[in-house]
Amino acid sequence: MPVYEYHPDELARVSVVRRASGLTFSEVEEQRRAAQDREDRALAAPQEPRKPTELDIAVCQRVEWARIEQFMREQRVAVYSPNEDPRVARREERRAQRMATEAGCSEQADACLPVEVLRYRVYRVTARQATAPAGEEALVRHIFAASAGAAVEHAQRMFDRHSSTCQDGEYRINSVEQVLPEPGEFF
C-alpha cells in the first residue's frame, strides 16, 4: 500500500498553528519567547548526531511562532485563527497536492491501491550506559515513529549497532516522551 509520511518540520508547524488557534497577540508573543528559550537551551546542550534533533524542532517551532506573531502584528489581528492565515492555507494545499501526486504515481505502480497516511510522531528517547556513574548525562535521540513502542524498538536497534558511536557498552532506555505533535493532540 502506498504511504505518505508527515515530516518532523511539518509536524512542528502544524502543532504550533493548532496551539496558536484562539490565542491573543500577547499570548502568541509569550509562546514565541518560550520557543526562543527552548532553542537557546537546545543550542547549549550536546548536539545529537541524527535528525530530527531537539535543536531542529526548537528552531522550527520558534520560526513558526515568530511568523504567527508577525502575521498578527501586520494584520492587526486580536485573536489568531488559522482560517484567516493565508500561509496555513497554502501549506495545506501544497501538502494535499503532494499527497495526490504521490497517490497518482503509486496507483500506476501498485494497481490503484489507496494511499495510507501514517500518523507518525516524534519521540524523545533518553538512554544511559548501564555502567555509567551517577550524574553522567544521558544520550538523547529524537525518533520519528508511529508509536512509543516503535520508537523504543528503533532506539534499541540504534544503540545495539556495532558500528554505532554508542557502542561503548550496553545502554538502557530511561524514558520515551512524545514531543511532536504535542501529547494528546491528534494529527
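Helices and strands are taken here as DSSP runs, of at least four residues in state H or I for a helix and at least two in state E for a strand, numbered from the N terminus. On this basis the protein chain, which is a predicted model, has five helices and five strands. Their order along the sequence follows the pattern β-α-α-α-α-β-β-β-α-β. The protein chain has 187 residues, of which 38% are buried. Among the contacts with a separation of 6 or more, 70% are made by residues 24 or more positions apart.

Glu69 is located in α3. The relative accessible area of Glu69 is 5%, and Glu69 therefore counts as buried, the cut-off being under 20%. With residues up to four places away in sequence left out, Glu69 touches Phe25, Val28, Glu29 and Arg32. Arg33 and Arg62 are 29 residues apart along the chain, and their C-alpha atoms are separated by 8.1 Å.

Directly after the end of α3 comes Arg76, which belongs to the loop between α3 and α4 (86-110). Arg76 is not a glycine, yet its phi is positive, at about 55°. Most residues other than glycine have a negative phi. The relative accessible area of Arg76 is 72%, so Arg76 is classed as exposed, for which the value must be over 50%.

Helix α5 comprises the 13 residues 148-160; at 1.5 Å a residue these should span 18 Å, and the end C-alpha atoms are 18 Å apart, in agreement with that expectation. The buried residues in α5 are Ala151, Ala155, Met158 and Phe159. Because they cover an arc of only 90° around the axis, they are placed on the same side of α5. The face turned away from this buried side carries Arg157 and Asp160, both exposed.

The volume of the second largest pocket is about 320 Å³. It is lined by 18 residues, of which Ala45, Pro46, Gln47, Glu48 and Val140 are the closest to its centre. By residue class, the lining of the second largest pocket is made up of eight nonpolar, three polar and seven charged residues.

Key:
Residues are numbered from 1 along each chain as its sequence is written. This is a predicted model: local features need pLDDT of at least 70, side-chain atom pairs count only at pLDDT 80 or more; totals for chains, interfaces and linings use all residues. Side-chain values use heavy atoms; hydrogens and water are left out. The expected span of a helix is 1.5 Å times one less than its number of residues. Buried means under 20% relative accessible area, exposed over 50%, partly exposed in between (1.4 Å probe, protein chains only). The arc is that of the directions from the helix axis to the C-beta atoms. On a 1 Å grid over the protein atoms alone, a cavity is a set of points where a 1.4 Å probe fits but cannot get out, and a pocket is an open set with protein on both sides within 12 Å along at least five of seven lines; lining residues have an atom within 4 Å of a point. Grid points are joined across faces, edges and corners, and a volume is the space filled by probe spheres set on the points. Ala, Val, Leu, Ile, Met, Phe, Trp, Tyr, Cys and Pro count as nonpolar, Asp, Glu, Lys and Arg as charged, and the others, Gly among them, as polar. Contact means heavy atoms within 4.5 Å.
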